[in-house]
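Take a look at the structure first, then read on.

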Amino acid sequence: MTRDELIAWVQEQKLPAFRGKQIFEWIHRGADFGDMTNLPKELRDGLKEKAVAQPVKIRLVRKSMLDGTIKFLYELADDNCVEGVLMRYKYGISLCISTQVGCRMGCRFCASTLEGRVRDLTAGEMLGEILTANRFLEHEGKQEKVSHVVLMGSGEPLDNYGQVIRFLRLLREENGIRIGLRNVSLSTCGIVPRMYDLAKENLPVTLSVSLHAPNDVIRKKLMPVANTWSIHEILEACRYYIRETGRRVIFEYALTEGLNAGKAEAEELTEILRGMQCHVNLIPLNTVKERELSGVSEENVRFFMKILEERHISVTRRREMGDDIEGACGQLRRKTINTSRSEQHAKI
Ligand code: SAH
(Lines give C-alpha, C1' and ligand atoms only; values in the text may rest on other atoms or scores of the structure.)
Protein backbone atom coordinates (compact mmCIF):
# COMPACT_ATOMS: atom_id res chain seq x y z
CA MET A 1 0.00 0.00 0.00
CA THR A 2 1.03 3.58 -0.52
CA ARG A 3 1.33 5.76 2.55
CA ASP A 4 -2.09 7.32 1.90
CA GLU A 5 -3.73 3.93 1.35
CA LEU A 6 -2.28 2.66 4.60
CA ILE A 7 -3.51 5.75 6.45
CA ALA A 8 -7.01 5.19 5.00
CA TRP A 9 -6.83 1.52 6.02
CA VAL A 10 -5.89 2.21 9.64
CA GLN A 11 -8.70 4.75 9.83
CA GLU A 12 -11.14 2.05 8.65
CA GLN A 13 -9.84 -0.03 11.56
CA LYS A 14 -10.85 2.90 13.81
CA LEU A 15 -7.23 3.88 14.49
CA PRO A 16 -5.72 7.36 14.27
CA ALA A 17 -4.02 8.38 11.01
CA PHE A 18 -0.53 8.67 12.52
CA ARG A 19 -0.52 4.90 13.10
CA GLY A 20 -0.67 4.49 9.33
CA LYS A 21 2.44 6.64 8.91
CA GLN A 22 4.27 4.71 11.61
CA ILE A 23 3.40 1.34 10.10
CA PHE A 24 4.40 2.55 6.63
CA GLU A 25 7.82 3.65 7.86
CA TRP A 26 8.44 0.42 9.72
CA ILE A 27 7.46 -1.72 6.73
CA HIS A 28 9.85 0.19 4.48
CA ARG A 29 12.63 -0.39 6.98
CA GLY A 30 11.97 -4.12 6.66
CA ALA A 31 10.29 -4.62 10.03
CA ASP A 32 7.64 -7.17 10.96
CA PHE A 33 4.66 -6.12 13.08
CA GLY A 34 6.30 -7.64 16.17
CA ASP A 35 9.25 -5.21 15.85
CA MET A 36 7.14 -2.05 15.62
CA THR A 37 8.05 -0.89 19.10
CA ASN A 38 6.18 2.40 19.05
CA LEU A 39 2.83 0.60 18.54
CA PRO A 40 0.85 -0.77 21.50
CA LYS A 41 1.20 -4.52 22.00
CA GLU A 42 -2.49 -5.27 21.28
CA LEU A 43 -2.26 -3.36 18.04
CA ARG A 44 0.83 -5.31 16.93
CA ASP A 45 -0.91 -8.60 17.74
CA GLY A 46 -4.09 -7.50 15.98
CA LEU A 47 -2.16 -6.50 12.87
CA LYS A 48 -0.40 -9.86 12.75
CA GLU A 49 -3.78 -11.58 12.46
CA LYS A 50 -5.04 -9.30 9.71
CA ALA A 51 -2.07 -8.53 7.52
CA VAL A 52 1.42 -9.41 6.37
CA ALA A 53 4.16 -6.82 6.86
CA GLN A 54 6.96 -8.60 5.00
CA PRO A 55 5.68 -10.94 2.29
CA VAL A 56 9.12 -12.10 1.14
CA LYS A 57 11.48 -14.43 3.02
CA ILE A 58 14.78 -15.95 2.00
CA ARG A 59 14.76 -19.67 1.32
CA LEU A 60 18.31 -20.00 0.08
CA VAL A 61 21.41 -17.81 -0.28
CA ARG A 62 24.38 -18.42 -2.54
CA LYS A 63 27.46 -16.22 -2.36
CA SER A 64 29.93 -16.00 -5.17
CA MET A 65 33.54 -16.58 -4.19
CA LEU A 66 34.59 -14.71 -7.33
CA ASP A 67 33.04 -11.26 -6.98
CA GLY A 68 30.80 -11.01 -3.90
CA THR A 69 27.61 -11.45 -5.92
CA ILE A 70 24.81 -12.93 -3.84
CA LYS A 71 21.93 -14.89 -5.22
CA PHE A 72 18.74 -15.13 -3.20
CA LEU A 73 15.99 -17.64 -3.65
CA TYR A 74 13.05 -15.73 -2.22
CA GLU A 75 10.05 -17.47 -0.76
CA LEU A 76 6.60 -15.93 -1.08
CA ALA A 77 3.67 -16.43 1.28
CA ASP A 78 2.03 -19.04 -0.98
CA ASP A 79 5.26 -21.09 -1.10
CA ASN A 80 6.14 -20.00 -4.62
CA CYS A 81 9.70 -18.82 -5.08
CA VAL A 82 11.54 -16.31 -7.26
CA GLU A 83 15.17 -15.23 -7.60
CA GLY A 84 17.04 -12.03 -6.92
CA VAL A 85 20.71 -11.20 -7.48
CA LEU A 86 22.70 -8.64 -5.50
CA MET A 87 25.74 -7.20 -7.24
CA ARG A 88 28.37 -4.86 -5.87
CA TYR A 89 29.56 -2.05 -8.09
CA LYS A 90 31.71 1.01 -7.47
CA TYR A 91 28.60 3.17 -7.46
CA GLY A 92 26.66 1.06 -4.99
CA ILE A 93 24.66 -2.10 -4.60
CA SER A 94 22.41 -3.18 -7.39
CA LEU A 95 19.64 -5.72 -6.92
CA CYS A 96 18.09 -7.61 -9.79
CA ILE A 97 14.51 -8.50 -8.91
CA SER A 98 11.80 -10.73 -10.37
CA THR A 99 8.38 -9.46 -11.46
CA GLN A 100 6.56 -12.76 -12.04
CA VAL A 101 6.81 -16.35 -10.85
CA GLY A 102 7.97 -17.93 -14.10
CA CYS A 103 7.32 -16.18 -17.41
CA ARG A 104 5.13 -16.80 -20.43
CA MET A 105 7.30 -15.15 -23.08
CA GLY A 106 8.99 -18.40 -24.09
CA CYS A 107 12.44 -17.02 -25.09
CA ARG A 108 14.42 -20.00 -26.28
CA PHE A 109 17.59 -19.28 -24.27
CA CYS A 110 15.95 -18.51 -20.93
CA ALA A 111 15.46 -20.82 -17.95
CA SER A 112 12.73 -18.71 -16.28
CA THR A 113 10.15 -19.48 -18.91
CA LEU A 114 10.52 -23.25 -19.10
CA GLU A 115 7.35 -23.95 -17.12
CA GLY A 116 5.45 -20.85 -18.19
CA ARG A 117 4.04 -18.21 -15.90
CA VAL A 118 2.68 -19.29 -12.52
CA ARG A 119 1.49 -15.87 -11.33
CA ASP A 120 2.27 -12.16 -11.25
CA LEU A 121 4.05 -10.66 -8.26
CA THR A 122 2.34 -7.85 -6.39
CA ALA A 123 3.97 -4.44 -5.97
CA GLY A 124 4.41 -5.32 -2.28
CA GLU A 125 6.30 -8.48 -3.15
CA MET A 126 8.63 -6.60 -5.52
CA LEU A 127 9.33 -4.05 -2.80
CA GLY A 128 9.71 -6.99 -0.39
CA GLU A 129 12.55 -8.40 -2.52
CA ILE A 130 14.51 -5.19 -1.83
CA LEU A 131 13.57 -4.96 1.85
CA THR A 132 14.58 -8.57 2.38
CA ALA A 133 17.95 -8.00 0.71
CA ASN A 134 18.47 -4.95 2.96
CA ARG A 135 17.58 -7.04 6.01
CA PHE A 136 20.09 -9.64 4.90
CA LEU A 137 22.85 -7.01 4.55
CA GLU A 138 22.03 -5.65 7.98
CA HIS A 139 22.08 -9.16 9.42
CA GLU A 140 25.58 -9.57 7.96
CA GLY A 141 26.69 -6.39 9.76
CA LYS A 142 26.95 -4.32 6.59
CA GLN A 143 26.17 -0.61 6.55
CA GLU A 144 25.19 -0.49 2.90
CA LYS A 145 21.74 -0.85 1.41
CA VAL A 146 20.44 -1.54 -2.05
CA SER A 147 20.86 1.67 -4.10
CA HIS A 148 20.03 0.50 -7.62
CA VAL A 149 17.33 -1.84 -8.87
CA VAL A 150 17.02 -3.70 -12.15
CA LEU A 151 13.80 -5.41 -13.17
CA MET A 152 15.61 -8.17 -14.94
CA GLY A 153 14.95 -11.27 -12.90
CA SER A 154 12.29 -13.78 -13.83
CA GLY A 155 9.17 -12.49 -15.54
CA GLU A 156 8.30 -9.86 -18.09
CA PRO A 157 7.71 -6.56 -16.26
CA LEU A 158 5.46 -5.14 -18.97
CA ASP A 159 3.30 -8.29 -18.79
CA ASN A 160 2.55 -7.31 -15.17
CA TYR A 161 2.19 -3.65 -15.97
CA GLY A 162 -0.17 -2.39 -13.23
CA GLN A 163 1.78 -3.90 -10.32
CA VAL A 164 5.14 -2.85 -11.76
CA ILE A 165 4.00 0.78 -12.07
CA ARG A 166 2.64 0.64 -8.53
CA PHE A 167 5.98 -0.72 -7.35
CA LEU A 168 7.91 2.08 -9.10
CA ARG A 169 5.69 4.67 -7.45
CA LEU A 170 6.27 3.04 -4.04
CA LEU A 171 10.01 3.52 -4.43
CA ARG A 172 9.69 7.25 -4.20
CA GLU A 173 7.01 7.57 -1.51
CA GLU A 174 7.81 10.02 1.26
CA ASN A 175 9.40 8.21 4.25
CA GLY A 176 9.63 5.04 2.18
CA ILE A 177 12.69 3.29 0.79
CA ARG A 178 13.49 6.32 -1.42
CA ILE A 179 15.31 4.80 -4.36
CA GLY A 180 15.51 7.34 -7.17
CA LEU A 181 13.95 6.11 -10.38
CA ARG A 182 17.06 7.17 -12.26
CA ASN A 183 18.71 4.27 -10.44
CA VAL A 184 16.13 1.82 -11.75
CA SER A 185 16.24 -0.10 -15.04
CA LEU A 186 13.35 -2.00 -16.51
CA SER A 187 14.07 -4.69 -19.05
CA THR A 188 11.48 -5.85 -21.56
CA CYS A 189 11.36 -8.34 -24.41
CA GLY A 190 9.47 -5.65 -26.32
CA ILE A 191 5.73 -5.47 -25.49
CA VAL A 192 5.25 -2.46 -27.76
CA PRO A 193 1.91 -0.97 -26.55
CA ARG A 194 3.11 -1.07 -22.93
CA MET A 195 6.39 0.65 -23.93
CA TYR A 196 4.30 3.61 -25.11
CA ASP A 197 2.28 3.51 -21.90
CA LEU A 198 5.45 3.49 -19.81
CA ALA A 199 6.81 6.50 -21.69
CA LYS A 200 3.69 8.44 -20.65
CA GLU A 201 3.88 7.58 -16.93
CA ASN A 202 6.45 10.24 -16.13
CA LEU A 203 8.60 7.70 -14.31
CA PRO A 204 12.22 8.30 -15.38
CA VAL A 205 13.44 4.69 -15.36
CA THR A 206 16.03 3.42 -17.83
CA LEU A 207 14.39 1.27 -20.46
CA SER A 208 16.33 -1.81 -21.57
CA VAL A 209 15.12 -3.83 -24.49
CA SER A 210 16.12 -7.43 -25.07
CA LEU A 211 16.76 -7.16 -28.78
CA HIS A 212 19.11 -10.09 -29.39
CA ALA A 213 18.83 -9.89 -33.17
CA PRO A 214 19.29 -7.37 -35.99
CA ASN A 215 16.28 -8.59 -37.99
CA ASP A 216 12.93 -10.31 -37.44
CA VAL A 217 13.94 -13.57 -39.13
CA ILE A 218 16.64 -14.21 -36.52
CA ARG A 219 14.63 -12.71 -33.67
CA LYS A 220 11.73 -15.10 -34.35
CA LYS A 221 14.13 -18.01 -33.91
CA LEU A 222 14.97 -16.80 -30.41
CA MET A 223 11.90 -15.02 -29.12
CA PRO A 224 8.25 -15.94 -29.82
CA VAL A 225 7.25 -12.34 -28.98
CA ALA A 226 8.89 -11.36 -32.29
CA ASN A 227 5.88 -12.91 -34.05
CA THR A 228 3.66 -10.23 -32.51
CA TRP A 229 5.81 -7.09 -32.78
CA SER A 230 8.50 -6.36 -35.34
CA ILE A 231 11.88 -4.80 -34.62
CA HIS A 232 10.71 -1.79 -36.61
CA GLU A 233 7.77 -1.32 -34.21
CA ILE A 234 10.05 -1.78 -31.18
CA LEU A 235 12.50 0.84 -32.43
CA GLU A 236 9.66 3.28 -33.11
CA ALA A 237 8.47 2.79 -29.51
CA CYS A 238 12.04 3.32 -28.28
CA ARG A 239 12.35 6.58 -30.21
CA TYR A 240 9.11 7.70 -28.60
CA TYR A 241 10.45 6.71 -25.16
CA ILE A 242 13.64 8.70 -25.76
CA ARG A 243 11.65 11.76 -26.89
CA GLU A 244 9.26 11.63 -23.93
CA THR A 245 11.80 10.90 -21.19
CA GLY A 246 15.02 12.36 -22.58
CA ARG A 247 16.77 9.13 -21.63
CA ARG A 248 18.75 6.80 -23.83
CA VAL A 249 17.55 3.25 -24.33
CA ILE A 250 19.73 0.21 -23.73
CA PHE A 251 19.63 -2.77 -26.06
CA GLU A 252 20.58 -6.13 -24.69
CA TYR A 253 22.11 -8.51 -27.19
CA ALA A 254 23.06 -12.04 -26.15
CA LEU A 255 25.63 -13.43 -28.54
CA THR A 256 24.53 -16.89 -29.59
CA GLU A 257 26.64 -19.33 -31.53
CA GLY A 258 25.67 -19.67 -35.17
CA LEU A 259 22.67 -17.33 -34.93
CA ASN A 260 23.34 -13.65 -34.34
CA ALA A 261 27.06 -13.22 -33.72
CA GLY A 262 28.61 -12.89 -37.19
CA LYS A 263 29.96 -9.93 -39.13
CA ALA A 264 26.77 -9.57 -41.17
CA GLU A 265 24.63 -9.37 -38.02
CA ALA A 266 26.95 -6.82 -36.39
CA GLU A 267 26.74 -4.64 -39.51
CA GLU A 268 22.98 -4.98 -39.74
CA LEU A 269 22.67 -4.04 -36.07
CA THR A 270 24.66 -0.86 -36.58
CA GLU A 271 22.42 0.01 -39.54
CA ILE A 272 19.16 -0.27 -37.62
CA LEU A 273 20.50 1.64 -34.59
CA ARG A 274 22.18 4.42 -36.53
CA GLY A 275 21.47 7.88 -35.15
CA MET A 276 19.60 6.62 -32.11
CA GLN A 277 20.36 7.77 -28.59
CA CYS A 278 21.13 4.28 -27.35
CA HIS A 279 23.66 1.90 -25.90
CA VAL A 280 24.27 -1.76 -26.69
CA ASN A 281 25.02 -4.20 -23.93
CA LEU A 282 26.54 -7.39 -25.29
CA ILE A 283 25.84 -10.40 -23.13
CA PRO A 284 27.76 -13.61 -23.58
CA LEU A 285 24.88 -16.11 -23.57
CA ASN A 286 24.77 -18.17 -20.42
CA THR A 287 24.34 -21.75 -21.42
CA VAL A 288 21.28 -23.21 -19.74
CA LYS A 289 21.30 -26.96 -19.30
CA GLU A 290 17.79 -27.43 -20.68
CA ARG A 291 18.42 -25.24 -23.71
CA GLU A 292 20.23 -26.26 -26.87
CA LEU A 293 21.74 -22.81 -27.61
CA SER A 294 25.29 -21.89 -26.70
CA GLY A 295 27.37 -18.75 -26.26
CA VAL A 296 30.32 -17.61 -28.34
CA SER A 297 34.06 -17.40 -27.75
CA GLU A 298 35.75 -14.42 -26.15
CA GLU A 299 37.35 -13.66 -29.49
CA ASN A 300 33.93 -13.54 -31.15
CA VAL A 301 32.63 -11.12 -28.50
CA ARG A 302 35.58 -8.79 -29.13
CA PHE A 303 35.17 -9.04 -32.88
CA PHE A 304 31.47 -8.16 -32.69
CA MET A 305 32.13 -5.31 -30.30
CA LYS A 306 34.81 -3.84 -32.53
CA ILE A 307 32.47 -3.61 -35.52
CA LEU A 308 29.97 -1.65 -33.43
CA GLU A 309 32.65 0.61 -31.97
CA GLU A 310 34.11 1.39 -35.40
CA ARG A 311 30.68 2.55 -36.48
CA HIS A 312 30.29 4.73 -33.40
CA ILE A 313 27.65 2.70 -31.63
CA SER A 314 28.08 2.96 -27.87
CA VAL A 315 28.69 -0.58 -26.68
CA THR A 316 29.89 -2.47 -23.64
CA ARG A 317 30.23 -6.09 -22.80
CA ARG A 318 28.29 -7.12 -19.74
CA ARG A 319 30.57 -8.32 -16.99
CA GLU A 320 29.72 -11.83 -16.01
CA MET A 321 29.11 -11.97 -12.31
CA GLY A 322 28.12 -14.83 -10.10
CA ASP A 323 29.10 -17.41 -12.66
CA ASP A 324 29.80 -19.90 -9.90
CA ILE A 325 26.35 -19.52 -8.30
CA GLU A 326 23.96 -20.05 -11.17
CA GLY A 327 23.52 -16.31 -11.55
CA ALA A 328 21.62 -16.45 -14.82
CA CYS A 329 17.88 -16.10 -15.18
CA GLY A 330 15.84 -18.80 -13.51
CA GLN A 331 18.65 -21.28 -12.99
CA LEU A 332 18.63 -21.46 -9.21
CA ARG A 333 14.85 -21.68 -8.91
CA ARG A 334 14.73 -24.56 -11.36
CA LYS A 335 17.47 -26.37 -9.59
CA THR A 336 15.71 -25.92 -6.27
CA ILE A 337 12.21 -26.88 -7.32
CA ASN A 338 13.77 -30.01 -8.72
CA THR A 339 15.62 -30.81 -5.47
CA SER A 340 13.98 -32.23 -2.38
CA ARG A 341 13.08 -29.76 0.34
CA SER A 342 15.14 -31.53 2.99
CA GLU A 343 18.35 -30.54 1.26
CA GLN A 344 17.63 -26.85 1.59
CA HIS A 345 18.99 -24.40 4.11
CA ALA A 346 17.06 -22.89 6.98
CA LYS A 347 14.93 -19.82 6.30
CA ILE A 348 16.07 -16.31 7.17
N1 SAH B 1 11.52 -10.29 -19.54
C2 SAH B 1 12.48 -9.24 -19.48
C3 SAH B 1 13.37 -9.27 -18.24
C4 SAH B 1 13.86 -10.59 -17.76
S5 SAH B 1 15.14 -11.39 -18.68
C6 SAH B 1 13.32 -9.22 -20.74
O7 SAH B 1 13.10 -10.07 -21.60
O8 SAH B 1 14.14 -8.33 -20.90
C9 SAH B 1 16.56 -10.39 -18.35
C10 SAH B 1 17.61 -10.43 -19.44
O11 SAH B 1 18.34 -11.67 -19.39
C12 SAH B 1 17.02 -10.34 -20.84
O13 SAH B 1 17.82 -9.50 -21.64
C14 SAH B 1 17.10 -11.77 -21.31
O15 SAH B 1 17.02 -11.82 -22.71
C16 SAH B 1 18.42 -12.21 -20.70
N17 SAH B 1 18.63 -13.66 -20.62
C18 SAH B 1 17.75 -14.63 -20.33
N19 SAH B 1 18.33 -15.84 -20.37
C20 SAH B 1 19.62 -15.64 -20.69
C21 SAH B 1 20.73 -16.49 -20.89
N22 SAH B 1 20.63 -17.81 -20.78
N23 SAH B 1 21.91 -15.91 -21.20
C24 SAH B 1 22.03 -14.56 -21.32
N25 SAH B 1 21.03 -13.72 -21.14
C26 SAH B 1 19.82 -14.24 -20.84
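What follows covers confidence, a pair of helices and one arginine.

Please keep in mind that this model is predicted. Across the protein the pLDDT averages 92, and 92% of the residues score at least 70. Residues 339-348 call for some caution: pLDDT stays under 50 there. For that stretch the model has 15 contacts beyond four places in sequence.

Now to the helices. The table lists three of them with their residue ranges.

| Helix | Residues |
|---|---|
| α6 | residues 192-200 |
| α7 | residues 216-222 |
| α8 | residues 231-245 |

How do α6 and α8 pack, and at what angle? Their axes lie 9 Å apart at an angle of about 5 degrees. Angles under 35 degrees count as roughly parallel, and α6 and α8 are therefore roughly parallel to each other. On the α6 side, the residues that meet α8 are V192, M195, Y196, L198, A199 and K200. Their partners in α8 include I234, A237, C238, Y240 and Y241, along with E233, E236, E244 and T245. By class, this contact has 10 nonpolar, one polar and four charged residues.

Helix α7 holds R219. Is R219 buried or exposed? With a relative accessible area of 0%, R219 is buried, because buried means under 20%. Leaving aside neighbours within four places in sequence, R219 is in contact with C189, S210, L211, A213, V225, A226, W229, I231 and I234. I234 is also among the α8 residues that meet α6. Finally, R219 and S230 are 11 residues apart along the chain, and their C-alpha atoms are separated by 9.0 Å.

Note on methods
Residues numbered from 1 in each chain as written. Predicted model: local features only at pLDDT ≥ 70, side-chain atom pairs only at ≥ 80, totals over all residues. Heavy atoms only, no water. pLDDT = per-residue confidence, 0-100. Contact = heavy atoms within 4.5 Å. Axes fitted to C-alpha atoms, helices over the stretch in contact; angles between N-to-C directions. Helix = DSSP H or I, 4+ residues; strand = E, 2+ residues; numbered from the N terminus. Parallel < 35°, antiparallel > 145°, perpendicular 65-115°, else oblique. Nonpolar A, V, L, I, M, F, W, Y, C, P; charged D, E, K, R; others polar. Buried < 20%, exposed > 50% of the residue type's maximum accessible area, 1.4 Å probe, protein only.
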